[in-house]
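Subject: Structure handover

Hello,

Here is the structure you were expecting. Please open it next to this email as you read.

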Amino acid sequence: MVDYALGFLTDNIWIVCFLLASLYNLYLRKEYKPIIHLSLVLVVTFSVSKIIYSQVVVPQENIVEVYYLYWAGASIFIAATIALDHQIRKYAFHWPTKLAIALLLVEAFLHVAVHIDRNIVSLNSSALPNNHIDNAWWLWTMRNVFLNLDNLIILTSIVFPYKAFRNLDDIYKSRFGDAQMQRAFKRVDLLEKIIYIMPNSLKKAHAYQCVQSARFLLEQWGSKGEDRQHLYSANTLCDRARYLAFTSDEIPVEKLEELDGVPKVDYH
């Protein structure tokens, strides 16, 4: 029972650590929404699992029969909650999230393995299940070490810098063919002709500015032979120019920007 009490105390310390990590993300990395949610989900689910453990599992007469199954179920529940939260909010599964889910599933597997070893059939060739604490062997030690190690890894991952385990060069590894680049240039040429015949207005000036910026980005192609990483940005600027060119002049530019979800700015 002392081991269970020490485990309970250690778990509470981890909850406090995850709470501090959540506050760190919430106040200092406000734009990193997926990781904020990951850290908050970890705090809430860990706390709930501990409350249920203290109220339901601890009072059991033969706690060893349910202890490991409970924590296996809790680990699966926490992993599923993280995945479900990301799915509902349409968040990308960044590497800390994938790592947390993977470690929690491994943790659940170890819980089940020790439950089988202690309650059903021994996994180290003993004649009887290793129910007594004196029969502890490396599987139990591995599980105990892994529980604290995976908590440390998850905690570290949710406070790591944004660029952890990423190379800046990875951003520019998109490959675009010659045909895609040529279509983008033709699109810029066509939009320039359309904008040229627009009535003089602030919208015309903004549309022209967009296509000129798009052309500038596309013309970076060839500076190093295969510098095509600006294709998406150029097409986005073309989309904006087309929107400005084809929208009724009855809508003021300022109102148009608000309707299109673009923050209102001072144009003068």
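Below is what turned up, starting with the overall layout and ending with two single residues.

First, the ground rules. This is a predicted model, where local features need pLDDT of at least 70, side-chain atom pairs count only at pLDDT 80 or more, and totals for chains, interfaces and linings use all residues. Residues are numbered from 1 along each chain as its sequence is written, and side-chain values use heavy atoms, with hydrogens and water left out.

**Layout**

The protein chain has nine helices and zero strands. Helices (H or I, at least four residues) and strands (E, at least two) are DSSP runs, numbered from the N terminus. Read from the N terminus, the order of elements is α-α-α-α-α-α-α-α-α. Of the 268 residues in the protein chain, 38% are buried. Buried means under 20% relative accessible area, exposed means over 50%, and partly exposed lies in between (1.4 Å probe, protein chains only).

Two packed helices are described by the angle between their axes and the distance between the axes. Axes here are lines fitted to C-alpha atoms, for helices over the stretch in contact, and angles run from 0 to 180 degrees between N-to-C directions.

The axes of α6 and α8 come within 10 Å and cross at roughly 25 degrees. That makes the two helices roughly parallel. Angles under 35 degrees count as roughly parallel, over 145 as roughly antiparallel, 65 to 115 as roughly perpendicular and the rest as oblique. The α6 and α8 crossing is left-handed. Left-handed means that the near helix is turned anticlockwise from the far one by less than a right angle; right-handed means clockwise.

Now α6 and α7. Their axes come within 10 Å and cross at roughly 160 degrees. The pair is therefore roughly antiparallel. This crossing is left-handed too.

The length of α7 checks out. Its 17 residues should span 24 Å at 1.5 Å a residue, and the end C-alpha atoms are 25 Å apart, which agrees. The expected span is 1.5 Å times one less than the number of residues. Buried residues of α7 include His 206, Cys 210, Arg 215 and Leu 218. At the start of α7, a side-chain oxygen of Ser 201 reaches to within 3.4 Å of the backbone nitrogen of Lys 203. That counts as a polar contact: a pair of N or O atoms within 3.5 Å, where within protein one must be able to donate a hydrogen and the other to accept it, and residues adjacent in sequence count only if both atoms are side-chain atoms.

**Salt bridges**

Side chains of opposite charge can pair when their charged atoms come close. The structure holds five salt bridges. The cut-off is a side-chain nitrogen of Lys or Arg within 4 Å of a carboxyl oxygen of Asp or Glu.

Arg 187 pairs with Asp 239, N to O, at 2.4 Å. Arg 187 lies in α6 (residues 178-196) and Asp 239 in α8 (residues 231-246), so the bridge ties together parts that are 52 residues apart in sequence. Arg 187 is partly exposed at 22%, and Asp 239 is partly exposed at 35%. Arg 187, Asp 239 and Arg 242 are linked in a network of salt bridges.

Arg 215 bridges to Glu 192, with the closest N and O atoms 3.1 Å apart. Arg 215 sits in α7 (residues 202-218) and Glu 192 in α6, so this pair ties together parts that are 23 residues apart in sequence. Both residues are buried.

Arg 89 and Asp 85 also form a salt bridge, at 3.1 Å, N to O. Both lie in α3 (residues 64-89), four residues apart, about one turn of the helix. Arg 89 is partly exposed at 44%, while Asp 85 is buried at 14%.

**Two residues to look at**

Which residue follows α3? Lys 90 does, and its phi is positive, near 60 degrees. Most residues other than glycine have a negative phi. Lys 90 is in the loop between α3 and α4 (95-119). Lys 90 is exposed, at 70% relative accessible area.

Ser 47 is in α2 (residues 33-57). Ser 47 is partly exposed at 23%. Its side chain reaches the backbone oxygen of Val 43 at 2.7 Å. Ser 47 and Leu 19 are 28 residues apart in sequence and 10.0 Å apart in space, C-alpha to C-alpha.

Best wishes
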